[in-house]
Amino acid sequence: VAVLLPFLCCLSSAAAGKLLVIPMEGSPWLSMKEVLAKLSRRGHEIAVIAPDSTMLIDSSKVYELKMYPVPFKKEEMEELMHSLGANCFSEEPFLIRFLNTWNNFRKSSAMFQASCGSLLYNKEMMKYTEESKFDAIFTDPLTPCGQIIALHFSIPTVFFLRGIPCAIDIHAAQSPDPPSYVPRLFSLNTDHMMFSQRVKSFLISISESFTCSIVFSPFEGLASDFLQRPTTFTQLLSHLAGSIWLKRLDFDYPMPVMPNMIFIGGINCGQKKCRN
């Protein structure tokens, strides 16, 4: 956690700042909450905005919690999260895992897009964000609602994530991502690949552009309408406001990364029984 503080505290060490947190639902919140506790002890003022269907995000002395209504129930979110978790540990053949994951991401994308739309067009929440004059937004870009708000109000962003399907985070940060050398998700390859494995990795990378365009298209439409300019998911995260990428991963194999991408895999072990 100590490694995170210099990047999150965008002000000098003598001054406390105001941080707006728009978290990702599920286990990522458990790691994020530990960071917020540290920041609070250093005098920073923190506000967390979450949907009323949240499973884990609760009130705390560490931050002020603001909730907004969404068009689905907590039970629906819990069912989706359980399905996503089960598929992560599945030992089924690649094609089945791929199709199940694609289907789950499509469902989750629609649900998170509905939640994001409820926040963006909540006049009370937008007025609160504008009047509070936050110094930075701390968010998981897998659901880019925080980044949309950051661009709308010109607030700097700190990304806190494990990763985004199709290596969108890598592309958005303008880091090289050659499929012949960087293993693709679900390929089970390492960075030491034979020719056949490199071909497999390349073919998976081609399929990613198709599947992710479908999964993330609802966010692109929402962002374009709200910001009143055409934008893609990658362009949304490529904005200079997203200056720091805190990745909850270990550096498992050699791969090109940009200087503003910081690996903080150990933070996931901060709380018992916490998954990545």
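This is a predicted model: local features need pLDDT of at least 70, side-chain atom pairs count only at pLDDT 80 or more; totals for chains, interfaces and linings use all residues.
Salt bridges number four in total. Another one joins Asp169 to Lys247, whose closest N and O atoms are 2.6 Å apart. Asp169 belongs to helix H7 and Lys247 to strand E6, so this pair ties together parts 78 residues apart in sequence. Here, too, both Asp169 and Lys247 are buried. Then there is Glu64 with Lys66, bridged at 3.6 Å, N to O. Glu64 counts as partly exposed because its relative accessibility is 38%, and Lys66 is partly exposed at 25%.

Gln147 is found in helix H6 (residues 145-153). With 1% relative accessibility, Gln147 counts as buried, and its side chain makes a polar contact with that of Thr157 at 2.8 Å.

As for open space, the second largest pocket holds about 190 Å³. Its lining is made up of 13 residues, with Cys166, Ile168, Glu208, Ser209 and Cys212 nearest the centre. Helix H7 (168-172), helix H8 (195-227) and helix H9 (233-238) each give two or more residues to this lining, and H8 provides the largest share, at seven. Sorted by class, the lining has five nonpolar, five polar and three charged residues.

Definitions and conventions. Residues are numbered from 1 along each chain as its sequence is written. Side-chain values use heavy atoms; hydrogens and water are left out. Helices (H or I, at least four residues) and strands (E, at least two) are DSSP runs, numbered from the N terminus. Buried means under 20% relative accessible area, exposed over 50%, partly exposed in between (1.4 Å probe, protein chains only). A polar contact is a pair of N or O atoms within 3.5 Å; within protein, one must be able to donate a hydrogen and the other to accept it, and residues adjacent in sequence count only if both atoms are side-chain atoms. On a 1 Å grid over the protein atoms alone, a cavity is a set of points where a 1.4 Å probe fits but cannot get out, and a pocket is an open set with protein on both sides within 12 Å along at least five of seven lines; lining residues have an atom within 4 Å of a point. Grid points are joined across faces, edges and corners, and a volume is the space filled by probe spheres set on the points. Ala, Val, Leu, Ile, Met, Phe, Trp, Tyr, Cys and Pro count as nonpolar, Asp, Glu, Lys and Arg as charged, and the others, Gly among them, as polar. A salt bridge is a side-chain nitrogen of Lys or Arg within 4 Å of a carboxyl oxygen of Asp or Glu.
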